[in-house]
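Dear colleague,

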Amino acid sequence: MLQTARGTYYISLFFPPAITTGNETKFGILFRDNAQNPISEVSYGFKITDKNGTAIVDLKDQKAPDGTSIQKVKFEKPGPITVTVFINAVGGSPMGDFVESSDFKLGVSEAGQNATSSSTSTSAPNQTSTQ
């Protein structure tokens, strides 16, 4: 769980212990307020970039009516990735000029490689595996 830069919200990103190429990866997203209570009616963006900053996925205007959502992504290439979740509106109220977001630094491995290699380490808390 990461707190947004302004401290208004917390965003949790759930993912498998090993993210590999060629397989569909499910990312679970949970939105909470600064008291860590679930929030509802969230409009958000979901973006994944590679090590060069090139967008692999760039989804806008996604909805999390109950404060949770799932995104499915299939990766073609291994390497470091950054998953950015942007909160655009909560409870129907747009964020205005101050869009809240959190960046999760992850890694994608070649399918069949050892999942404990350094390319799968994270700088963000991994909600589904031990570190």
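The structure, which is a predicted model, holds four aromatic pairs. One of them is formed by Phe15 and Phe27, whose rings are 6.5 Å apart from centre to centre with 50° between the planes, and this pair is tilted. Phe15 lies in the loop between β2 (9–14) and β3 (24–33), whereas Phe27 lies in strand β3, so the pair ties together parts that are twelve residues apart in sequence. Are these two residues buried or exposed? Buried means under 20% relative accessible area; Phe15 has a relative accessible area of 4% and is therefore buried, and Phe27, with a value of 0%, is buried as well.

Another pair is made by Phe31 and Tyr44, and because the centres of their rings are 5.2 Å apart and their planes are at 50°, this pair is tilted. Phe31 belongs to strand β3 and Tyr44 to strand β4 (residues 42–50), so the pair ties together parts that are 13 residues apart in sequence. Phe31 is buried, and Tyr44 is buried too.

Next, please turn to the strands. The chain has nine strands and zero helices, and 40% of its 131 residues are buried. In strand β2, five of the six residues are buried, so β2 is largely enclosed by the rest of the structure.

How is β2 joined to β1 and to β3? Strand β1 (residues 2–3) runs antiparallel to β2, and two bridges join them; here Gln3 stands opposite Tyr10 of β2. The hairpin of β1 and β2 has five residues between the strands, and in this hairpin Gly7 takes a positive phi near 80°. Strands β2 and β3 also run antiparallel, and they are joined by six bridges, with Ile29 in β3 as the bridge partner of Leu13.

Finally, two values describe the chain as a whole. Of the contacts between residues at least 6 apart in sequence, 59% join residues that are at least 24 apart. The chain exposes about 7100 Å², and carbon and sulfur atoms supply 48% of that area.

With kind regards

Conventions:
Residues are numbered from 1 along each chain as its sequence is written. This is a predicted model: local features need pLDDT of at least 70, side-chain atom pairs count only at pLDDT 80 or more; totals for chains, interfaces and linings use all residues. Side-chain values use heavy atoms; hydrogens and water are left out. Helices (H or I, at least four residues) and strands (E, at least two) are DSSP runs, numbered from the N terminus. Buried means under 20% relative accessible area, exposed over 50%, partly exposed in between (1.4 Å probe, protein chains only). Contact means heavy atoms within 4.5 Å. Accessible areas come from the Shrake-Rupley method with a 1.4 Å probe; for residues, only the protein chains shown count as cover. Rings of Phe, Tyr and Trp (its six-membered ring) pair if their centres lie within 6.5 Å; planes under 30 degrees apart count as stacked, over 60 as edge-to-face and the rest as tilted. Two strands pair if DSSP finds at least two bridges between them.
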